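Here are a few notes to read alongside the structure, for someone opening it for the first time. Have the viewer ready and go point by point.

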Amino acid sequence: EEGPLSFRERIFRLTGGNARHLSWLLWSMREKGGLRGKGTRLADTDLAFARLVKTRFEDLPEEERRWVSVLAALGTVSTAELAGRIAGSLAGVPGMDSAPSVLESLSARGWVTSSGSRGDAGGVKHPRDRLDSRRFWSIADPDIASHVLDSLNEEERKRLHGRIAEELRRLAGGLSAPDGRPGADDDERWLPHAFRHCRLRGDSKGCAGLAVASARYFERMGCHKEALELIEECLEDAHLPGEDLLEVQLKHADLLGVTGNFREAIEAYTAILSASTRADDRRRLHRLMGDLYGKLGEHEMQAKAYGEGLSAADAGGDSLERLKLLASFARAHLEAKDLVKSLGYLDQCLRVVAAKAMETEPAYLEVYRLAEEVHFHRGDYVEAMDFERCILEASEERGDVVDQLRSFRHLAHLHALRTEWEEAEAYLSEAVRLARASGSRWLIARTLVTLGRFERDQ
């Protein structure tokens, strides 16, 4: 039978027309004795959905309350295993032991729900099936999660976010190496989540390292916009320690350049330069600014920036940064088709490599690649091949298949330019063998295309 209009209006005001909110209201009515009597809160406008959530949350047993708190804070990224470890760490006991019974109980009463694993198109036939570690668990409604977190005091929330940040950081294998290598393969996807929980905990120092590591992860995935947004989120924290702030600012400027915001990146580097006292940072900043001026076509400013960096490197005796600056000068002149000046800077690069025994530094390989390119444009194919063989040898030592294939292609091309067809074909045949051994269909296809073009042009 249809109830009074005012009754329906109150129901709608309390639930917002949300079916899950309505079910929660009915749960509360049933648990508190229905609608009869003066004690009913239905007619009281103070009764809101947030109050219902808080009341039911506080009535939960302690263990279930911990699980609900953890899932509310994690959002939609949690597996039963992850939530169990965090809930257990909060209580100082193993959390997965009680996972089946707790999650079944919470699911039956509308607190939590699960979604399928990646690639799972089927439904779930039994609650226990949802405890698969590949499934993701979350609070049944975002509003419920928000009200649960509001029910915790500040100390409880910070402790909760801190434990989550620690666990996610552990899952990611720690932070990435300084050169950007992954810390633990695909598990690095947890890094951005760890950063945000660390930030909610109020740990400024921990945030800086996690922000930079997360940005590197996004960059490797090709998600430069997401990397930039995360770094900008970190910079909103005015309490970053000095050294950590500098690291985040440098990554911010780098990402501005990568995303095509060259002017903004130069301004960011200039601001860092004016505040930086470390000689190493100043040399690097001059070089990076020079690179950006080159992309803008402002070659006078490019040369000025490189020159200032080179002067600082000479004064400080920083051979590695000096090498990078000399290589930048050589590259700039090569792009301007001034091969004489490019070769002059390249000779200086090679002297630095020889004098400092830098064969263990990645920078020397870039110098060899540049040398191969300069000699190629000069028509010195024999010299170019010598440098390419050095690159190939280093690639073989590292086991880098992609770089080896690149060198095989270049060597074949150089021999072909000298009409040395047998040598060229031998390098391409070796490239095909290596590509097939790698098992990569993309590498095989690309190598066969190169071989086909060679056969066509021969």
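**Notes on the predicted model**

1. Let's start with a helix pair. From α20, the residues V401, Q404, L405, F408, L411, A412, H415 and A416 meet W421, E423, A424, Y427, L428, E430, A431, L434, A435 and S438 of α21. Contact here means heavy atoms within 4.5 Å. Sorted by type, the residues of this contact come to 13 nonpolar, 3 polar and 2 charged. (Nonpolar covers Ala, Val, Leu, Ile, Met, Phe, Trp, Tyr, Cys and Pro; charged covers Asp, Glu, Lys and Arg; the others, Gly among them, are polar.)

2. Some ground rules before going on. This is a predicted model, where local features need pLDDT of at least 70 and side-chain atom pairs count only at pLDDT 80 or more, while totals for chains, interfaces and linings use all residues. Residues are numbered from 1 along each chain as its sequence is written, and side-chain values use heavy atoms, with hydrogens and water left out.

3. How do α20 and α21 lie against each other? The axes of α20 (residues 401-417) and α21 (residues 421-438) come within 8 Å and cross at roughly 165°, so α20 is roughly antiparallel to α21. Axes are lines fitted to C-alpha atoms, for helices over the stretch in contact, with angles from 0 to 180 degrees between N-to-C directions; over 145 degrees counts as roughly antiparallel, under 35 as roughly parallel, 65 to 115 as roughly perpendicular and the rest as oblique. The crossing of α20 and α21 is left-handed, meaning the near helix is turned anticlockwise from the far one by less than a right angle.

4. The loop between α20 and α21 holds T419. Phi of T419 is near 55°, a positive value in a residue other than glycine. With a relative accessible area of 53%, T419 is exposed (exposed is over 50%, buried under 20%, partly exposed in between, using a 1.4 Å probe and protein chains only).

5. Now another helix pair. α11 (residues 224-235) and α12 (residues 242-258) pack at about 150°, with axes 9 Å apart, so α11 is roughly antiparallel to α12. Their crossing is left-handed. Residues that meet include L228 and I231 in α11 and V248 and L255 in α12. The contact of α11 with α12 divides into 10 nonpolar, 3 polar and 2 charged residues.

6. Is R56 buried or exposed? R56, in helix α3 (residues 49-59), is buried, with a relative accessible area of 4%. Its side chain reaches the backbone oxygen of R109 at 3.3 Å.

7. A72 sits in helix α4 (residues 62-74) and is buried at 7% relative accessibility. Leaving out residues up to four places away in sequence, A72 touches I139, A145, V148 and L149. A72 and V148 are 76 residues apart in sequence, yet 6.8 Å apart in space, C-alpha to C-alpha.

8. Finally, the whole protein. There are 22 helices and 2 strands, taken as DSSP runs numbered from the N terminus (helices are H or I, at least four residues; strands are E, at least two). Buried residues make up 43% of the 458 residues. Of contacts between residues at least 6 apart in sequence, 57% join residues at least 24 apart.

Methods. Polar contact = N/O pair within 3.5 Å; in protein donor to acceptor, adjacent residues only side chain to side chain.
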